[in-house]
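Reader: I'm new to this structure and would like a close look at one part of it. Could you pick a helix and walk me through it, then show me how other helices pack?

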Amino acid sequence: MGDERTEPGTGRGGEPGPESEPAPAPPEPDIRTGAPDVRTGEPDASAGGPEPRTGEPGTSAGEPEPRTAPTPTTPATPPPPPPATPTTPTTPTRLQRLAGVWRRPALRWPKRIASALVLVLLLPPLAAGIALRVNYAGDPGDGTYTRNRDALWMGHAWVDGGKKDADVRALAARLRTTGVRDLYVHAGPLEHDGTLPASAYPRARLLVGAIHRELPGVRVQAWLGDELATEGPVGLHLERAATRAAVVRSAGQVLDAGFDGAHFDLEPLHSGDADYLSLLDDLRRVTRAHGALLSVAAHQIDPLPSLHSVGAAVTGHPKWWSQAFFGQVARRVDQIAVMSYDTALPLQSLYGGYVAEQTSLALEVTPETTDLLMGMPFYYEDNMDHHGSAETVAAAVRGVRLGLSRTDRTRENFGVAAYVDFAAREKDWTAYERGWVR
């Protein structure tokens, strides 16, 4: 078939087709030469001699020959000019105007400053992303599996009557084949003055006894937390000696109720808080007197030196602790569990690389006599702080194993801590068991 773009009435190659319009008429005859009149096929009447000028006598019989004046030829009409090519509008576009402004010599230094700012803002995140991705590469070392020192954060329903004996038996069946040794059961929160009403944990003794029967060797700790007044007027004021003393008394209460330890989660806790360190020293004396454990939930460690200071200056909310402060806390407790989730990272590879880095940083400053636990997300959310598709149990476990392999493969007092039991899915338990328990 012919080209679909060929107009109707034309053949292939541009030749006229059967439906083409007739060819234009040939030019009229030259009256000066007697060329045939193509319209009649007869010679022109003036052929055979020079063309007489208008008004001159003719040559026949010496008399003027009457004749009709020849029709003057119509001058050839010049071909129409080709259609004009559309020209670019002379009015400059917004982009052209901006480009013109950008090229002004007076903006030379502002342009250099702007370019430098772009590099300052873009290069560090790009470099950090590449570093985290590289940190997630490679294979974990052999033997980097559970040391049977793992932990599980658990909801308040276990001590307020929401859970029954059947729930305890189901929990025991779930945990028997895992490495979980410590349960952080929510028994608070603390009041803002540091006190804790006994009505907050009415079934604590029954729970502890049931867990000890079903899971010998598993320890049940009271999870106590509160919001600190570090970024607003409302909350618990650690700078007040009376408040710290009340927190210490609350720890004694839960230990008297049968708990095997006290686990504290106070947020937001800024790096370098001397009042917090003082509180830990006082709590340690109480837990040791009861033969119990003191454990804390810890903020993440600066992935870059002094990054917590930048966060404090820019947002007023420093997310990280310095590595030195983390070490100070770790030396004052029996267990420290890093809340290594809610990182806002969008990809599993970045999150896993971040966990690997956090594991290494924590191992470097945690005494071997202190249990170091790396948190992993047993829940799914999708928001600015936590992308559920990225922060997975599988990525967390792989990151933990990579960090352990590179920093202290033989560390015994080490484990993972799952947050939280009431949001856990079956796939979370499966990923934990396959990746870490084996």
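Author: Let's start with length: helix 5 runs over residues 241-256, and at 1.5 Å a residue its 16 residues should span 22 Å, so the 23 Å between its end C-alpha atoms agrees with that. Bear in mind that this is a predicted model.

Now, which residues of helix 5 are buried? The list is T243, R244, A246, V247, V248, S250, A251, G252, V254 and L255. And what covers them? The cover includes strand 3 (219-227), strand 4 (261-267) and helix 6 (274-289).

Of its 438 residues, 41% count as buried. If you take the contacts in the protein chain with a separation of 6 or more, 78% of them are between residues 24 or more positions apart.

On to how helices pack. Two packed helices are described by the angle between their axes and the distance between the axes. Take helix 10 (residues 393-407) and helix 11 (residues 426-437): their axes come within 8 Å and cross at roughly 25°. Angles under 35 degrees count as roughly parallel, so that is what helix 10 is to helix 11. Their crossing is right-handed. On the helix 10 side, the contact is made by V393, A394, V397, V400, R401 and L404, and helix 11 brings D428, A431, Y432, G435 and W436. Sort the residues of this contact by class and you get eight nonpolar, one polar and two charged.

The other pair to look at is helix 8 (residues 323-330) with helix 9 (residues 348-365). Here the axes of helix 8 and helix 9 come within 8 Å and cross at roughly 55°. Helix 8 and helix 9 are therefore oblique to each other. The crossing of helix 8 and helix 9 is right-handed. Where do they touch? Q323, F326, G327 and A330 of helix 8 meet L361, A362, E364 and V365 of helix 9. By class, that contact has five nonpolar, two polar and one charged residues.

Conventions:
Residues are numbered from 1 along each chain as its sequence is written. This is a predicted model: local features need pLDDT of at least 70, side-chain atom pairs count only at pLDDT 80 or more; totals for chains, interfaces and linings use all residues. Side-chain values use heavy atoms; hydrogens and water are left out. Helices (H or I, at least four residues) and strands (E, at least two) are DSSP runs, numbered from the N terminus. The expected span of a helix is 1.5 Å times one less than its number of residues. Buried means under 20% relative accessible area, exposed over 50%, partly exposed in between (1.4 Å probe, protein chains only). Contact means heavy atoms within 4.5 Å. Axes are lines fitted to C-alpha atoms, for helices over the stretch in contact, and angles run from 0 to 180 degrees between N-to-C directions. Angles under 35 degrees count as roughly parallel, over 145 as roughly antiparallel, 65 to 115 as roughly perpendicular and the rest as oblique. A crossing is left-handed if the near helix is turned anticlockwise from the far one by less than a right angle, and right-handed if clockwise. Ala, Val, Leu, Ile, Met, Phe, Trp, Tyr, Cys and Pro count as nonpolar, Asp, Glu, Lys and Arg as charged, and the others, Gly among them, as polar.
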